[in-house]
Amino acid sequence: MTDAKAVVLVIEDEPQMRKFIRISLSSQSYRVLEASSGADGLQQASAYTPDIVLLDLGLPDMDGLEVTRRVREWSATPILVISARGQEESKIKALDEGADDYLTKPFGAGELIARIRVALRHAARVTGTPTTVVQIGDDVRVDLVKRIVLVRGEEVHLTPIEYKLLAALVKHAGMVLTHRHLLEQVWGPGHAHQMQYLRVYMTQLRHKLENDPARPKFLVTETGIGYRLKVDS
């Protein structure tokens, strides 16, 4: 499912926030379903199989983390957390429970729509034919089959760890990946807390791929959470 006529389920107890999201998304031809509680949201997620779920963490009847866990028991539908909780711990927990991305209130309509588009594109890649060649901006090209990385047309040598880290980010382009997720995927389950490894190799990647490593344009830090390979919305 691409953007046009995608069904968005909004699980949010604040009427004003639901109205803002409904108006923002309807103007872009999204079909919007609304639920004001976790139980109602779970029922609608099961009955209508939406293309994406926008989920508030602070619901009146159950925590949004519990909603995430229950949805993930039977569905891979993208979940975008929208919450006033700005604390890093809440975001990390939501992502570790299976959420795909997050937005912290307040946010604008443009940012919301951009994140939805990224999540839908990622879901389409997962369920459809995998993308094997990825263009990052104007300068960087990654071929996941040939394991070749080009910068301005010239091949760049990456160490095996650097390549695994980049490939993990490329496969989830536009999505935030937690420190724990990256450490376990690249180094293995026994290295979930070795943050220094991640910082060192991310710095090396930026020096090889970014025009200005001190001000990265693509390999961006989500402070206290992890990293994101930024893509055009």
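**Sheets, helix packing and cavities in a predicted model**

Strand 10 and strand 12 (residues 226-229) pair in the antiparallel sense, over 3 bridges. In this pairing, Leu 177 stands opposite Tyr 227 of strand 12. The model is predicted. The two strands belong to an open sheet of 3 strands, ordered 10-12-11, with antiparallel pairing. Strand 10 (176-178) and strand 11 (219-222) lie at its edges. Each has a single partner strand, so one side of each is left without a neighbour in the sheet. On average, neighbouring strands of this sheet are turned by 30 degrees against each other, direction ignored.

Helix 8 lies across strand 11 and strand 12. Helix 8 runs at about 145 degrees to strand 11.

Helix 6 (residues 160-171) and helix 8 also pack against each other, at an angle of about 85 degrees. Their axes are 10 Å apart. Angles of 65 to 115 degrees count as roughly perpendicular. Helix 6 and helix 8 are therefore roughly perpendicular to each other. On the helix 6 side, the contact is formed by Ile 161, Glu 162, Leu 165, Leu 166 and Leu 169. These residues meet Leu 198, Tyr 201, Met 202, Gln 204, Leu 205, Lys 208 and Leu 209 of helix 8. By class, the contact of helix 6 with helix 8 comprises 9 nonpolar, 1 polar and 2 charged residues.

Helix 8 (residues 195-209) has a further helical partner in helix 7 (residues 179-186). The axes of helix 7 and helix 8 come within 10 Å and cross at roughly 85 degrees. That angle makes helix 7 roughly perpendicular to helix 8. His 179, Leu 182 and Leu 183 provide the helix 7 side of the contact. Met 195, Tyr 197 and Leu 198 provide the helix 8 side. The contact of helix 7 with helix 8 has 5 nonpolar residues and 1 polar residue, with no charged residues.

The cavity search returned 2 cavities of 30 Å³ or more. The largest cavity has a volume of about 40 Å³. Its lining consists of Ile 136, Val 140, Leu 166, Leu 209, Glu 210, Phe 218, Leu 219 and Leu 229. By class, 7 of the lining residues are nonpolar, none is polar and 1 is charged.

Strand 1 (residues 7-11) pairs with strand 2 in the parallel sense over 5 bridges. Here Ile 11 stands opposite Ala 35 in strand 2.

Most residues other than glycine have a negative phi, and most peptide bonds are trans. Ser 29 has a positive phi, near 70 degrees, and is not a glycine. Ser 29 is in the loop between helix 1 (15-26) and strand 2. The peptide bond from Lys 105 to Pro 106 is cis, with omega near -5 degrees. Pro 106 is in the loop between strand 5 and helix 5 (109-127).

Methods
Residues numbered from 1 in each chain as written. Predicted model: local features only at pLDDT ≥ 70, side-chain atom pairs only at ≥ 80, totals over all residues. Heavy atoms only, no water. Axes fitted to C-alpha atoms, helices over the stretch in contact; angles between N-to-C directions. Helix = DSSP H or I, 4+ residues; strand = E, 2+ residues; numbered from the N terminus. Parallel < 35°, antiparallel > 145°, perpendicular 65-115°, else oblique. Contact = heavy atoms within 4.5 Å. Nonpolar A, V, L, I, M, F, W, Y, C, P; charged D, E, K, R; others polar. Pairing = 2+ DSSP bridges. 1 Å grid on protein atoms, 1.4 Å probe; cavity = no way out; pocket = protein on both sides within 12 Å on 5 of 7 lines; lining within 4 Å. Points joined across faces, edges and corners; volume = space filled by probe spheres on them.
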